[in-house]
Amino acid sequence: MTAALLAGLLAGYGIAVPVGAVGTYLVSLTARTSLRTGACAALGVASADGLYALLAAAGGSALATALRPLLGPLRWLSALVLAALAVRGALLALRQFRAQRLSTRPERPVPGAGRAYLGLLGITLLNPVTVVYFAALVLGSGTAEAVRPPERAAFVLAAFAASASWQLLLAGGGALLGRALTGHRGRLATALLSSGVMLALAARMTM
């Protein structure tokens with residue numbers, strides 16, 4: 001159970017930490033409205049991450065059971081997928097930093113708390129990298145212990161909690177720090193940190 005909780009926390013932070021267009025909008029939304037609205041929007045992002053973690057845990061565990069003889073090669077393949085996502089994220093962040101660009105969304109009418117939650121939920125659900133990330137992670141770590149329902153539930157809840165804590169931190173940052181986390185250096189640092197977490201998870205799969 002402890003291992004599943006730790007895996008879920010690492011997975012949640014690994015996908016949540018980079019401050020991209022969604023994170024930028026979350027910070028700016030909170031700065032323009034209120035902490036309550038920003039917190040609801042943050043929970044919308046975390047809900048999408050939790051849903052993808054649930055789908056990946058259920059599907060990944062089923063695949064791991066059906067393809068048990070191939071778990072060794074699949075674990076290496078999943079590690080390569082995570083490593084590729086990590087390298088892609090780091091290179092993208094470096095390219096944007098060098099080009100002095102910010103991937104921000106245009107200003108929109110200020111939404112209420114409910115609309116903020118649904119809006120960020122929908123935006124995050126449209127990101128295919130999230131489901132690929134969770135599916136690769138769960139499939140790559142699928143073992144006899146990991147496929148049991150309590151461990152799957154612990155993984156999903158931990159992933160949701162990790163994502164929610166980071167998104168709420170961003171919302172609080174919007175109220176306290178404004179654009180500090182979404183500047184060129186802040187986005188580069190968070191993207192590189194996330195890539196480091198992904199690489200660590202990929203290395204752990206090969207041991």
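Which helix is L35 found in? I looked that up first, keeping in mind that this is a predicted model. L35 belongs to helix α3, which covers residues 35-66.

Next I checked what sits around L35. Setting aside neighbours within four places in sequence, I found L35 in contact with T30, A171 and G172. I also looked at L176, which is 141 residues away from L35 along the chain. The C-alpha atoms of L35 and L176 are separated by 9.8 Å.

Then I turned to a helix pair. How do α1 and α7 cross, right-handed or left-handed? I noted helix α1 as residues 2-16 and helix α7 as residues 149-176, with axes that come within 7 Å and cross at roughly 35°. The crossing is right-handed. On the α1 side, the residues making the contact include A4, L5, G8 and Y13. From α7 I wrote down several, among them E151, F155, S163 and W166. Sorted by type, the residues of this contact come to 13 nonpolar, five polar and one charged.

On to the cores. The largest nonpolar core has 14 residues, and L26, L29, A41, L120, W166 and L170 touch the most other members. I see at least two residues of this core coming from each of α2 (21-32), α3, α5 (113-125) and α7. Which helix gives the most to this core? That is α2, with four residues. Another core, of 10 residues, lies apart from it, and its members include I15, A57, L85 and Y133.

Last entry: L120. Leaving out neighbours within four places in sequence, I list V22, Y25, A41, G44 and V45 as the contacts of L120.

How values were computed: Residues numbered from 1 in each chain as written. Predicted model: local features only at pLDDT ≥ 70, side-chain atom pairs only at ≥ 80, totals over all residues. Heavy atoms only, no water. Contact = heavy atoms within 4.5 Å. Axes fitted to C-alpha atoms, helices over the stretch in contact; angles between N-to-C directions. Left-handed = near helix turned anticlockwise from the far one by under 90°. Nonpolar A, V, L, I, M, F, W, Y, C, P; charged D, E, K, R; others polar. Core = buried A, V, L, I, M, F, W, Y, C linked by side-chain atoms within 4.5 Å. Buried < 20%, exposed > 50% of the residue type's maximum accessible area, 1.4 Å probe, protein only.
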